Amino acid sequence: MTVHLDRQERICMTGGRGRSVPPRELAGDPENWPEAAIPDHPQARVVQAVAAALTRHMARNGLGLRRVAALSGVNRQAIANLLAGDSWPDVATLSRLEDALGVGLYPGAPGPGSGHC
């Protein structure tokens with residue numbers, strides 16, 4: 001069976017051009033990231049929740065970008081982009097951050113996702 005997608009369907013799909021717009025720009029008030037409402041894009045809300053959880057954890061534990069990068073092996077700029085809503089983090093990035101910090105960052109996760117595999 002062959003499935004054909006038209007141009008608009010391909011643009012709306014996650015991945016490729018679907019990620020050309022940063023999650024922050026999908027918020028109603030991008031300047032209020034990560035607290036801004038994102039009514040029509042559930043995937044951007046997930047990134048927003050991850051960024052908010054990471055921000056809280058870093059503040060609560062007095063961690064800076066360099067320390068989180070050193071602990072997790074995730075590039076400091078990649079962490080900064082995630083926190084600012086300027087990137088779509090991949091699974092490896094999220095897993096490394098969760099494992100290094102010992103905390104679940106994905107919405108609803110009680111602990112690092114790798115601990116449930």
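Q: Which residues does serine 72 touch, leaving aside those up to four places away in sequence?
A: In this predicted model, serine 72 has its place in helix α3, and the neighbours considered here exclude residues up to four places away in sequence. With that exclusion applied, the residues touched by serine 72 are Ile79, Arg96, Leu97 and Ala100.

Q: Is serine 72 buried or exposed?
A: The relative accessibility of serine 72 is 10%, and the cut-off for a buried residue is under 20% relative accessible area.

Q: Which backbone nitrogen does the side chain of serine 72 reach?
A: Besides touching residues such as Ile79 and Arg96, serine 72 has a side chain that comes to 3.1 Å from a backbone nitrogen. The residue that carries this nitrogen is valine 74.

Q: How are the axes of α3 and α5 oriented, roughly parallel or roughly perpendicular?
A: Two packed helices are described by the angle between their axes and the distance between the axes. For α3 and α5, the axes come within 8 Å and cross at roughly 95°. Since angles of 65 to 115 degrees count as roughly perpendicular, the orientation of α3 to α5 is roughly perpendicular.

Q: How many nonpolar, polar and charged residues does the contact of α3 with α5 have?
A: On the α3 side the contact is made by Val68, Leu71 and Ser72, while α5 contributes Arg96, Leu97, Ala100 and Leu101. Sorted by class, these residues are five nonpolar, one polar and one charged.

Q: Why do the buried residues of α4 line one face of the helix?
A: Helix α4 spans residues 76-84, and its buried residues are Ile79, Ala80, Leu82 and Leu83. Seen down the axis of α4, these residues line one face because they fall within an arc of 160°.

Q: Which residue caps the N-terminal end of α4?
A: At that end of α4, a side-chain oxygen of the capping residue lies 2.7 Å from the backbone nitrogen of glutamine 77. α4 is followed by glycine 85, with a positive phi near 75°, whereas the cap at the N-terminal end is asparagine 75.

Q: What pattern does the protein follow along the sequence?
A: The protein has five helices and zero strands, and buried residues make up 34% of its 117 residues. Read along the sequence, the pattern is α-α-α-α-α.

Terms used. Residues are numbered from 1 along each chain as its sequence is written. This is a predicted model: local features need pLDDT of at least 70, side-chain atom pairs count only at pLDDT 80 or more; totals for chains, interfaces and linings use all residues. Side-chain values use heavy atoms; hydrogens and water are left out. Buried means under 20% relative accessible area, exposed over 50%, partly exposed in between (1.4 Å probe, protein chains only). Helices (H or I, at least four residues) and strands (E, at least two) are DSSP runs, numbered from the N terminus. The arc is that of the directions from the helix axis to the C-beta atoms. A polar contact is a pair of N or O atoms within 3.5 Å; within protein, one must be able to donate a hydrogen and the other to accept it, and residues adjacent in sequence count only if both atoms are side-chain atoms. Axes are lines fitted to C-alpha atoms, for helices over the stretch in contact, and angles run from 0 to 180 degrees between N-to-C directions. Angles under 35 degrees count as roughly parallel, over 145 as roughly antiparallel, 65 to 115 as roughly perpendicular and the rest as oblique. Contact means heavy atoms within 4.5 Å. Ala, Val, Leu, Ile, Met, Phe, Trp, Tyr, Cys and Pro count as nonpolar, Asp, Glu, Lys and Arg as charged, and the others, Gly among them, as polar.
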